[in-house]
Amino acid sequence: MQLFGGLEGRVEKLEAENAHLFNVTNILAKRLAELEKVLDGQTVTAAVPVVDSKPADKPAAKPVNKAESDDDDNFGFGDSEEEDTPKGETEMQKMKRLAAEKKAADAAAKKSKPAPVLKSNVVLDIKPWDDETDLAEMEKAVRGIVMEGLKWGDSKLVEIGFGIKKLRMSTCIVDELVGLYDLEDNIQELEDFVQSVDIVSHNKI
């Protein structure tokens with residue numbers, strides 16, 4: 001009889017400790033759910049009760065059925081959590097899904113931002129055929145070249161030698177729209193005025 005009495009005392013102690021551990025498990029599960037809400041961008045203001053380190057009194061013995069056992073496996077999560085979680089999805093799967101959705105949203109927002117417009121300042125030397133070429137008319141013809149993303153700037157005449165001068169012109173171009181080789185070809189097509197075209201400088205803005 002004394003042996004069974006000692007076993008009964010141990011069983012009562014284990015039941016009390018199990019009840020305490022079950023309470024701690026429920027609170028940890030609630031904190032995990034609140035952490036997930038914070039990760040989702042929600043603010044949690046509800047206070048979390050402090051767990052009393054003293055083991056709870058011996059709970060009243062009651063039969064355990066399958067329905068109650070299933071409820072225990074849910075670790076005390078509320079109904080609102082179940083509504084947001086697809087059927088059959090574990091908490092770890094939910095966290096991974098939310099992280100993937102956030103990453104996709106960030107990528108889409110980043111992609112929607114317009115790319116910066118890259119521009120360059122280009123200086124060209126345009127040489128005439130000889131000293132009899134009308135440089136004013138040549139400049140007028142060059143400025144008549146119209147391309148999307150091309151803007152003509154200042155110009156000046158530079159002495160080459162033997163009384164011949166060349167036309168030096170600055171331009172501002174949008175790199176994505178204006179190709180320098182295309183611009184050179186368009187100027188070179190002014191055969192009545194232009195002998196050659198050289199790029200003096202090309203600087204990114």
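Against which strands and which helix do the buried residues of H6 pack? They pack against strand E1 (119-128), helix H5 (135-143), strand E2 (150-161), strand E3 (164-174) and strand E4 (194-204).

The model is predicted: local features need pLDDT of at least 70, side-chain atom pairs count only at pLDDT 80 or more, and totals for chains, interfaces and linings use all residues. Residues are numbered from 1 along each chain as its sequence is written, and side-chain values use heavy atoms, with hydrogens and water left out.

The average pLDDT (the predictor's confidence in each residue, from 0 to 100) is 79, and 73% of the residues score at least 70. Over residues 75-83 the pLDDT stays under 50; for this segment the model has 14 contacts (heavy atoms within 4.5 Å) beyond four places in sequence.

The protein contains six helices and four strands, which are DSSP runs (helices H or I, at least four residues; strands E, at least two) numbered from the N terminus. Along the sequence their pattern is α-α-α-α-β-α-β-β-α-β. Of the contacts with a separation of 6 or more, 68% are between residues 24 or more positions apart.

Of the 205 residues, 21% are buried, where buried means under 20% relative accessible area, exposed over 50%, and partly exposed in between (1.4 Å probe, protein chains only). In helix H6 (residues 180-188), the buried residues are Leu-180, Leu-183, Glu-184 and Ile-187. Seen down the axis of H6, these residues fall within an arc of 100 degrees (taken from the directions from the helix axis to the C-beta atoms), so they line one face of the helix.

A search of the whole structure finds seven salt bridges, each a side-chain nitrogen of Lys or Arg within 4 Å of a carboxyl oxygen of Asp or Glu. Three of these pairs are tabulated below.

| Pair | N to O distance |
|---|---|
| Lys-166 and Asp-125 | 2.8 Å |
| Arg-143 and Glu-139 | 3.0 Å |
| Lys-204 and Asp-175 | 2.7 Å |

Lys-166 in strand E3 and Asp-125 in strand E1 are 41 residues apart. Lys-166 is buried at 14% relative accessibility, and Asp-125 is buried at 5%. Asp-125, Lys-166 and Arg-168 are linked in a network of salt bridges.

Arg-143 and Glu-139 are four residues apart in helix H5, and are therefore separated by about one helical turn. Arg-143 is partly exposed, at 32% relative accessible area. Lys-204, by contrast, counts as exposed at 59% relative accessibility.
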